[in-house]
Amino acid sequence: MRRPILTLTTDFGASDHYVGAMKGVILSICPQAQIVDICHDVTPFQIAEGAYVIAQAYDCFPKKTVHVVVVDPGVGTARRPILLEAAGQYFIGPDNGVLSMLYSRGKHKVRLIANDRYFRQPVSATFHGRDIFAPVAAHVAAGIAPSRIGKPIEDYLRPEFAKPVRTGERTWSGSILKIDRFGNVVTNFHVRDFPELRRQLAGESPVDTQSRAVHKQSYARVQADDSFAVGGPLPYGRGSVAAGRGSVAAGRGSVAVDRDSAAMGRGSTPVVTVGRRKIAALARNYAESRHGALFLIVGSSGYLEISVNQGSAAKQIRCKTGEPVTLAVG
């Protein structure tokens, strides 16, 4: 018989006892459990980031896996603990939106975790990960039916942080879902929602041909002008580099954008703006850009990311998780 699998996703980090305590509770109830750490470095209190992390990982696991997701700034308040049944797996966490990206993945059922028989007693007001979520997950992994944990509910939270808001005919407002270890900035603009991005990635358009001509001219300028040596063009990429270290500004307080991005004008598509930084280059892989150049790429999750080849886009832009971003297409 296969050993049950439990995963843990939290913002607890690795410097405290919290994760170890949860594992101890799980193993005390279900000693045969295989515990997998998905991530414990979710940015503290960033519910949207926790939702993104579990949404990218769960479908790599077999059926009946039990996932514990704890990013819970409202611990001890009236927010409810819930158990989600979806994709043949189980997800346990607070009803604060941290499981919300899973709701759109198909048929699902949400239960209120109400049977305190399966809690660790006494229940702390500040550590539900140890006293509610971990023991309930262990009991489910050990074979307790979800129906014994609590009744189905329909009024669970469905926040819209995963979806960008349309602000114009070709503009959207979104947010940064995550900044990964490499400094890639993951936005909530998913390629499936933007057909023009899909078309660009599928093959070159007339705009691409124009872009390459601009690149060749710009690259010659870079060789003659040391001031643009770092923030220069993508000689082999798609579109143009914006907001590199060698960028120019149109005046105090303006959005920084380099010569090549300005040269592209309306033909540059898409354009993502974070704070005062504007990125107007689209690449299909990291090798299409040169060191130090900011560009846009569709990551393995399908979301549009801001990246730097062998560098940190987040450090260049000086942004953080949850910060607003805008997208202009066309």
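Begin by selecting helix H1 together with the elements that cover its buried residues, which include strand E1 (5-10), strand E2 (34-39), strand E3 (66-70) and helix H3 (128-141). Helices (H or I, at least four residues) and strands (E, at least two) are DSSP runs numbered from the N terminus. The model is predicted: local features need pLDDT of at least 70, side-chain atom pairs count only at pLDDT 80 or more, and totals for chains, interfaces and linings use all residues. Residues are numbered from 1 along each chain as its sequence is written, and side-chain values use heavy atoms, with hydrogens and water left out.

Within H1, select Val19, Met22, Val25 and Ile26, which are buried (under 20% relative accessible area, 1.4 Å probe, protein chains only). They cover an arc of only 125 degrees around the axis, which puts them on the same side of H1.

Proceed to the aromatic residues. The whole structure holds nine aromatic pairs (ring centres within 6.5 Å; planes over 60 degrees apart count as edge-to-face, under 30 as stacked and the rest as tilted). Select Phe12 and Phe127: their ring centres are 6.0 Å apart and their planes at 85 degrees, so the pair is edge-to-face. Phe12 lies in the loop between E1 and H1 and Phe127 in the loop between strand E6 (108-112) and H3, so the pair ties together parts 115 residues apart in sequence. Both Phe12 and Phe127 are buried.

Finally, select Arg158 and Tyr156: the charged end of Arg158 sits over the ring of Tyr156, 3.9 Å from its centre (CZ of Arg within 6 Å of the ring centre and within 35 degrees of the ring normal).

Technical notes. Buried means under 20% relative accessible area, exposed over 50%, partly exposed in between (1.4 Å probe, protein chains only). The arc is that of the directions from the helix axis to the C-beta atoms. Contact means heavy atoms within 4.5 Å.
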